[in-house]
Amino acid sequence: MRQGIISQEVNGRQDSAGAAGEDGRRRRVAVVGAGLVGSLAALNFARMGNHVDLYEYREDIRQALVVQGRSINLALSQRGRKALAAVGLEQKVLATAIPMRGRMLHDVRGNTSVVLYDPCTNQCLYSVGRRQLNEVLLDACDKLPNIRCHFEHKLTSAKLREGSMEFRNPSDEVVTANADLIVGCDGAFSSVRQQLVRLPGFNYSQEYIETGYLELCIPSKSGDFQMPANYLHIWPRNSFMMIALPNQDKSFTVTLSMPFEVFAKIQNQDDLLDFFRTNFRDALPLIGEQQLIKDFFKTRPQHLVSIKCRPYHYADKALILGDAAHAMVPYYGQGMNAGMEDVTLLTGILGEQLPLDEALALFTEKRWQDAFAICDLAMYNYVEMRDLTKRWTFRLRKWLDTLLFRLFPSWIPLYNSVSFSSMPYSQCIANRKWQDRLLKRVSGATLLAAILAGGAIFAHRFI
């Protein structure tokens with residue numbers, strides 16, 4: 001062994017008869033990225049009897065004083081709940097989650113109105129803390145003897161064909177490791193995906209939108225929330241918006257999303273306060289002027305990227321999941337849920353006992369169209385949240401969808417199908433297009449009937 005290079009050996013006995021490969025050998029699986037999707041994937045691979053090494057470039061989130069770089073709360077919906085239930089963690093997570101039953105819209109005068117997500121069956125989203133959820137998943141990983149966690153290990157190179165990897169640890173040492181299967185759950189800027197991009201036949205595209213985001217905070221007051229807690233709060237302002245999700249500590253995480261050119265016009269404290277007094281007058285006293293100034297100017301607005309790629313696998317050697325496979329803008333609240341659904345789908349396919357290369361190819365075949373669909377839906381929902389929600393046409397369509405859903409349960413509104421079902425995302429879009437076509441025909445027929453009736457009445461008067 002060369003000086004400064006550490007080799008990690010992976011050993012372990014077979015834990016279950018149904019584990020590992022079709023040859024009965026226990027597989028060595030390396031999961032790169034110990035976030036929400038990575039830790040969930042590690043749990044599922046380990047529960048199938050494989051030996052799993054879970055690598056994370058950051059420190060153990062359970063030991064960190066401050067977690068940088070990611071929103072502290074998330075919206076958990078049906079797809080994520082299903083994935084958590086499969087590993088016995090759903091109820092533990094929901095026990096501390098905050099239900100959000102609809103959107104509370106704030107206009108420029110500070111007036112509010114509520115649009116429920118599901119007035120018919122009362123389904124809701126759940127606000128969960130990213131750190132708390134990640135800790136629950138990592139604690140579950142620690143309970144399985146065939147999972148080993150390696151924190152502060154940054155992947156620097158990988159040879160997918162050989163299954164070899166090199167990491168760098170905090171001591172600046174090169175750590176080498178080998179695996180039968182490398183699974184990249186390392187986010188939108190995935191190092192594993194970078195290796196796949198180099199292979200022939202791999203398609204990749206990314207799109208940065210002209211909107212950035214910046215996180216603020218509405219603190220608790222006298223130990224309680226300053227706004228109604230069981231809603232996702234939205235301040236829609238045509239080309240920009242602000243949203244707020246409740247936290248377990250009675251605060252709200254506030255996300256200000258605006259075109260970069262609007263951010264650029266705010267140069268100093270007076271510009272900022274004038275901007276908020278004009279656009280978010282009811283939120284300003286809740287945030288506090290000094291806290292707003294501090295939070296706004298302490299960092300730059302962050303970029304948002306949407307990524308589509310395929311295939312998600314290479315032979316029987318490598319696979320990407322979650323944001324590494326399909327990063328999306330955060331406006332449908334489906335990033336985490338879609339990533340967890342990746343794991344649900346993959347686990348089901350692996351349970352069919354196909355040869356691994358066939359199983360991974362089947363995963364790509366079944367997933368890529370739905371992944372592309374939710375990336376597109378996330379883009380659309382940003383327009384809906386910042387602009388359409390305050391239009392009467394949106395309210396009318398929401399009312400009509402609710403009425404038809406109540407009368408005909410097979411009429412599932414788009415938002416319900418995405419957030420409160422496991423309907424494939426591409427089918428959600430197809431379902432909405434079918435509904436749109438039907439409503440256009442009905443409205444067209446109704447208009448024609450009204451014209452004919454009016455013409456008949458007019459003619460009758462002059463006969």
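Analyst: On a 1 Å grid over the protein atoms alone, a pocket is an open set of points with protein on both sides within 12 Å along at least five of seven lines, whereas a cavity is a set of points where a 1.4 Å probe fits but cannot get out; lining residues have an atom within 4 Å of a point. In the second largest pocket, 24 residues form the lining, and Tyr 380, Glu 384, Phe 394, Leu 414 and Arg 432 lie nearest its centre. The model is predicted: local features need pLDDT of at least 70 and side-chain atom pairs count only at pLDDT 80 or more, while totals for chains, interfaces and linings use all residues. Residues are numbered from 1 along each chain as its sequence is written, and side-chain values use heavy atoms, with hydrogens and water left out.

User: How much space lies in the second largest pocket, and which helix gives the most to its lining?

Analyst: A volume is the space filled by probe spheres set on the points, with grid points joined across faces, edges and corners. For the second largest pocket this is about 480 Å³. Helices (H or I, at least four residues) and strands (E, at least two) are DSSP runs, numbered from the N terminus. Strand S7 (112-116) and helices H12 (356-386), H13 (392-407), H14 (414-419) and H15 (425-461) each supply at least two lining residues. H13 gives the most, with five residues.

User: How many cavities of 30 Å³ or more does a search of the whole structure find?

Analyst: The search finds one. The largest cavity holds about 40 Å³ of space. Its lining consists of Tyr 117, Asp 118, Pro 119, Cys 120, Lys 398, Thr 402, Phe 405, Pro 413 and Asn 416. H13 supplies the largest share of this lining, three residues.

User: What describes two packed helices?

Analyst: They are described by the angle between their axes and the distance between the axes. Axes are lines fitted to C-alpha atoms, for helices over the stretch in contact, and angles run from 0 to 180 degrees between N-to-C directions. Helix H1 (residues 36-47) packs against helix H11 (residues 335-350) at about 15°, with the axes 9 Å apart. H1 is therefore roughly parallel to H11; angles under 35 degrees count as roughly parallel, over 145 as roughly antiparallel, 65 to 115 as roughly perpendicular and the rest as oblique.

User: Which residues of H1 and H11 meet?

Analyst: Contact means heavy atoms within 4.5 Å. Leu 36, Val 37, Leu 40, Ala 41, Asn 44 and Phe 45 in H1 meet Met 336, Gly 339, Met 340, Val 343, Leu 346, Thr 347 and Leu 350 in H11. This contact of H1 with H11 has 10 nonpolar, three polar and no charged residues.

User: At what angle do H7 and H9 cross?

Analyst: The axes of helix H7 (residues 269-279) and helix H9 (residues 289-297) come within 10 Å and cross at roughly 115°. H7 is therefore roughly perpendicular to H9.

Terms used
Nonpolar A, V, L, I, M, F, W, Y, C, P; charged D, E, K, R; others polar.
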